[in-house]
2 protein chains.
Amino acid sequence: MNFIRKIINTRTKDDEAFFADLKKIIGFTPKNISYYKKAFTHRSIKEFDEETGNPVNYERLEFLGDAMLSAVIAAYLFNEVPSGDEGYLTQMRSKIVSREHLNELGRDLDLLRFVKSNIARSKFGENIHGNIFEALVGAIYLDRGYKYCNKFIEKRVITPYVDVPKLEGKITSYKSLFIEWCQKQKKEFVFDVYEDTGNDTIKHFSVKLFLDGILIAKGRATSKKKAEETASKRAYFVFQKELSNL
Amino acid sequence: MNFIRKIINTRTKDDEAFFADLKKIIGFTPKNISYYKKAFTHRSIKEFDEETGNPVNYERLEFLGDAMLSAVIAAYLFNEVPSGDEGYLTQMRSKIVSREHLNELGRDLDLLRFVKSNIARSKFGENIHGNIFEALVGAIYLDRGYKYCNKFIEKRVITPYVDVPKLEGKITSYKSLFIEWCQKQKKEFVFDVYEDTGNDTIKHFSVKLFLDGILIAKGRATSKKKAEETASKRAYFVFQKELSNL
């Protein structure tokens with residue numbers, strides 16, 4: 001048991017690598033790394049707290065992270081959508097914190113690479129991506145409090161994924177909106193997509209969007225479709241005035 | 001419209017009284033009183049924001065307060081019940097933030113006295129107590145942030161009402177536990193209950209609990225039953241060792 005404690009409290013070389021990667025993902029320096037280790041420990045590891053005998057894994061942190069995520073998103077929507085009543089705000093939040101969306105978030109950050117388990121990755125099931133994402137939010141709360149949870153969620157959820165006009169159903173696809181506009185204006189467009197994984201551990205794609213031969217926006221994401229959508233969204237913000245008149 | 005704005009931004013004599021009462025309830029000095037005014041404005045007032053045209057009432061604040069309440073209670077239970085898994089913690093939280101419980105909280109603080117409306121109080125329905133309580137939490141978040149929400153919820157929800165052994169079903173009534181113990185120990189007990197409303201706006205009761213003629217605990221609440229339960233709970237903590245051996 002002392003052996004386990006030692007592992008938790010002393011930084012090994014593996015820890016240093018984990019610490020560095022974690023810092024990149026969360027965007028600030030973690031103080032107590034043991035919370036984060038727990039957030040990436042699968043129940044199959046069968047580790048138990050030596051004092052209480054309680055299992056040490058990410059499952060309870062999911063509960064905490066889920067609550068913090070809901071609170072941060074609620075506060076964001078409250079401010080961003082001043083015309084929405086509480087039913088509408090609840091509905092919008094459900095879309096953002098849906099199991100499907102959380103899985104996407106966890107997958108895009110490739111959180112699985114940190115998970116310690118005694119079972120094969122193929123046996124994890126699809127929801128592990130979202131569960132680990134929630135557990136990470138829980139660990140951030142324990143380590144640095146609500147403020148840092150807010151920062152992290154802003155950086156990793158709100159800025160890259162939360163798009164109020166899209167959520168409101170006013171825009172379902174920036175790409176189709178952009179194409180429609182080009183066709184009306186008789187402008188030529190090209191989405192130049194290529195694989196661009198770089199130093200990332202999972203496959204990435206980049207896209208260059210040309211309008212009448214001029215590069216107007218770029219996008220990079222884990223799928224071709226997402227990269228195109230990102231570039232189109234950026235083009236939308238450049239040509240917002242024109243595109244809004246469609 | 002300027003008239004309404006003036007009412008919101010300038011402190012009237014009514015405001016001063018509201019400010020003083022509010023401070024007692026929340027336990028700290030509010031900064032921006034307009035949030036709290038909104039938390040006590042019923043939709044029947046039909047007030048609209050002069051810039052956006054959005055209705056000014058407590059309904060959206062309920063959404064925000066509900067989210068903050070859930071987050072604060074989640075963090076509390078996470079720390080207090082280290083042996084509970086996430087299903088168990090979720091279940092315990094549901095009990096604490098149940099509609100019924102929130103109505104009780106709002107009623108005990110007599111929040112209704114602050115509500116501005118154009119309909120009769122009898123038409124509000126029972127849930128208004130809890131709704132206003134949630135809206136108040138939302139206003140605290142906007143005014144002072146998460147930390148003060150946490151403080152308020154600790155003061156008004158956790159300390160007086162959240163009782164982990166009771167929630168865990170280990171103790172359903174401190175009064176019956178106490179009585180059972182007295183009977184086993186052949187001790188005499190007296191619950192001396194009397195009306196004790198004092199300066200409060202709603203009826204209160206006090207109870208003195210005597211054991212073999214000696215005053216051992218007191219309780220005060222909005223019903224006889226609650227006051228007796230409070231006194232018994234206090235007696236429980238005094239005689240915890242003996243009572244736990246039952």
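Are A:Phe18 and A:Phe114 buried or exposed? In this predicted model, A:Phe18 is buried, and A:Phe114 is buried as well. A:Phe40 is also buried, as is A:Phe18.

These residues take part in aromatic pairing. Over all chains, the structure holds 23 aromatic pairs. In one of them, the ring centres of A:Phe18 and A:Phe40 lie 5.7 Å apart. Their planes stand at 90 degrees, so this pair is edge-to-face. The pair joins distant parts of the chain, 22 residues apart. A:Phe18 belongs to helix H2 of chain A, residues 13–26. A:Phe40 lies in the loop between helix H3 (33–39) and helix H4 (59–80) of chain A. A:Phe18 also pairs with A:Phe114, with ring centres 5.4 Å apart. Here the planes are at 70 degrees, so this pair too is edge-to-face. It links parts of the chain 96 residues apart. A:Phe114 is located in the loop between helix H6 (99–108) and helix H7 (128–144) of chain A.

Helix H2 of chain B was examined next. It comprises 14 residues, 13–26. The buried residues of H2(B) are B:Asp15, B:Phe18, B:Phe19, B:Leu22, B:Ile25 and B:Ile26. They cover an arc of only 130 degrees around the axis, which puts them on the same side of H2(B). In an α-helix there are 3.6 residues a turn, so residues three or four places apart point the same way. The exposed residues B:Lys13 and B:Lys24 sit on the face of H2(B) turned away from its buried side. B:Gly27 follows H2(B), and its phi is positive, near 85 degrees.

The two chains were then compared.

A:Tyr141, A:Tyr146, B:Tyr141 and B:Tyr146 form one aromatic cluster. The charged end of A:Arg60 sits over the ring of B:Phe78, 4.4 Å from the ring centre. Within chain A, the charged end of A:Lys175 sits over the ring of A:Phe191, 5.1 Å from its centre.

Key: Residues numbered from 1 in each chain as written. Chains lettered and ligands numbered in written order. Predicted model: local features only at pLDDT ≥ 70, side-chain atom pairs only at ≥ 80, totals over all residues. Heavy atoms only, no water. Helix = DSSP H or I, 4+ residues; strand = E, 2+ residues; numbered from the N terminus. Expected span 1.5 Å × (residues − 1). Buried < 20%, exposed > 50% of the residue type's maximum accessible area, 1.4 Å probe, protein only. Arc of directions from axis to C-beta. Phe/Tyr/Trp six-rings, centres within 6.5 Å; stacked < 30°, edge-to-face > 60°. Lys NZ or Arg CZ within 6 Å of the ring centre and 35° of its normal.
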